Every structure is written in C-alpha cells, then in structure tokens.
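Here are my notes on the model, as numbered points. Please read them beside the coordinates.

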Amino acid sequence: LTMLYDKLLVEKLDKHNLDLLQLPESNEMIGKVLKVGSTITKLNINDIVLIKDNISTPITLDGKQYYGLEEKAVVGIFKKDFKTENIEFINESILMKEYHATHVLNSSILITPDLNYEDLDYSDIHNRNLFQIKYLDKNLKNLKQGDILLVKRDFTNYVYLNQEKYHLINGKDWIEAKIKE
C-alpha cells in the first residue's frame, strides 16, 4: 500500500493497553503513523498522533483497524508521554474551553421577520460561541493561550483529554473575533 500526496496510513492504537487519554468511544482518534505520502511535511513514520474526529476513512486489514486520512486531519503529535501538555498541536488546531460572559450575546441567533421577540428565551443565547484557548498550534500568529475567541459554533468539534471536554477548531477561518476583556 502506497500513500499518495498528503495522505497517511495510521494504525488505531488500543488506548487501554497504552494508558492513554480517556476519550469517549466516538473520539478514539489516537494512532501511530505507518505510511506517509510524498508531500507530507509535518509528520513522520512512528509518530503517535491525535486525529480530528469523523475525518478519516476506517480500513480493516488482517483484523487490525487503520485510518486513511489527509495530513490536515491530524490535530497534534504526542512528543513524550500521553499528557495534554506534551502534545505539539499542528495544522492550525486550537483546543478551547467554553467561556461564560453574560454581557455577550450569541452571534448565531437567527433573526427572521416572523420572530416574536416577546417569546424569545434569552437564557440560551449567552456564551454559546465564546471560548477560551487552552492549547494551540504555536504557528498561529496573534493568538495565545488564554485568549477569548468568538467562533462559528457549528464548526467546532470536541474531544475529551484526561476526562475534560475541549472544543476543537482547525484553522483561523472559523474565528469571528478575538475578545478583549
């Protein structure tokens, strides 16, 4: 099997035997890079990687689970042990936690001519798009850990690291604005 261009073959790792991060069943996206395409720039064979959920093609060969995916689907590389602080985030990945500020309204509320403002429940429209950066690709300019972002909520994914829920975006295109306190 030869991988072409920016494609990877990644072996699914059994987290339970490796004492890895506690991810829910739908987010068990940790693997070992087995093959790389000719235009791969950030990854090497044997790298242990965290993969963006629902972006890979599952492949089963000889009873083993593999993923075929593009390089940009890799969120980060585990550099030492399997702790969050030892992941080198790549491909413009940003892991964030929800941020609560009652003075900021949700940017994605749909305003329509037939909307009855008296019946609108404002309790759910605060903070849905606000997140605080916890970890990010160091190559993202003008952003740092702790920054508060307004993002396009529908484009976030989530992952559990060490039993904590984080929201994930890949790329600055999903950022609406950086909020100054």
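1. Lys178 counts as partly exposed, at 41% relative accessibility; buried here means under 20% relative accessible area, exposed over 50%, and partly exposed in between, with a 1.4 Å probe and protein chains only. Its salt-bridge partner is Asp147, with 3.7 Å between the closest N and O atoms. A salt bridge is taken as a side-chain nitrogen of Lys or Arg within 4 Å of a carboxyl oxygen of Asp or Glu. Lys178 belongs to strand 13 (residues 175–179) and Asp147 to the loop between strand 9 and strand 10 (148–151), so the pair ties together parts that are 31 residues apart in sequence. Asp147, with a relative accessible area of 8%, is buried.

2. On the source: this is a predicted model, in which local features need pLDDT of at least 70 and side-chain atom pairs count only at pLDDT 80 or more, while totals for chains, interfaces and linings use all residues. Residues are numbered from 1 along each chain as its sequence is written, and side-chain values use heavy atoms, with hydrogens and water left out.

3. The mean pLDDT of the chain is 76, and 70% of the residues score at least 70; pLDDT is the predictor's confidence in each residue, from 0 to 100. Among the elements, strand 9 (residues 130–136) has the highest mean pLDDT (90) and helix 1 (residues 15–18) the lowest (54). Two stretches need care. Over residues 22–27 pLDDT stays under 50, and the model has 17 contacts beyond four places in sequence for them; contact means heavy atoms within 4.5 Å. Residues 122–127 also stay under 50, with 14 such contacts. Where pLDDT is low, the predicted coordinates should not be read in detail.

4. The chain has 1 helix and 13 strands, in the order β-α-β-β-β-β-β-β-β-β-β-β-β-β from the N terminus. Helices (H or I, at least four residues) and strands (E, at least two) are DSSP runs, numbered from the N terminus. Of the 181 residues, 43% count as buried. Among contacts with a separation of 6 or more, 59% are between residues 24 or more positions apart.

5. With strand 2 (residues 30–36) it runs antiparallel, joined by 3 bridges; two strands pair if DSSP finds at least two bridges between them. Gly31 has Val49 as its bridge partner in strand 3. The pairing of strand 3 with strand 6 (residues 74–78) is also antiparallel, over 3 bridges, and there Val49 stands opposite Ile77.

6. Asp47 deserves a look. It sits in the loop between strand 2 and strand 3 and is buried without a salt bridge, the nearest side chain of opposite charge being Lys79, 5.4 Å away. For charge, Lys and Arg count as positive and Asp and Glu as negative; His and the chain ends are not counted. The Asp47 side chain does reach the backbone nitrogen of Asn44, at 2.8 Å. Beyond its neighbours within four places in sequence, Asp47 is in contact with Gly31, Lys32, Val33, Lys42 and Ile77.

7. Thr41 is in the loop between strand 2 and strand 3. Is Thr41 buried or exposed? At 63% relative accessibility, Thr41 counts as exposed. Its C-alpha atom is 8.4 Å from that of Glu71, a residue 30 positions away along the chain.

8. The count of salt bridges comes to 8. Lys7 takes part in one with Asp6 (2.9 Å, N to O); Lys7 is partly exposed, with a relative accessible area of 30%, and Asp6 is partly exposed at 24%. A salt bridge also joins Glu70 to Lys7 (3.7 Å, N to O). Glu70 lies in strand 5 (residues 64–70) and Lys7 in strand 1 (residues 7–12), so this pair ties together parts that are 63 residues apart in sequence. Glu70 is partly exposed, at 28% relative accessibility.

Note on methods: A polar contact is a pair of N or O atoms within 3.5 Å; within protein, one must be able to donate a hydrogen and the other to accept it, and residues adjacent in sequence count only if both atoms are side-chain atoms.
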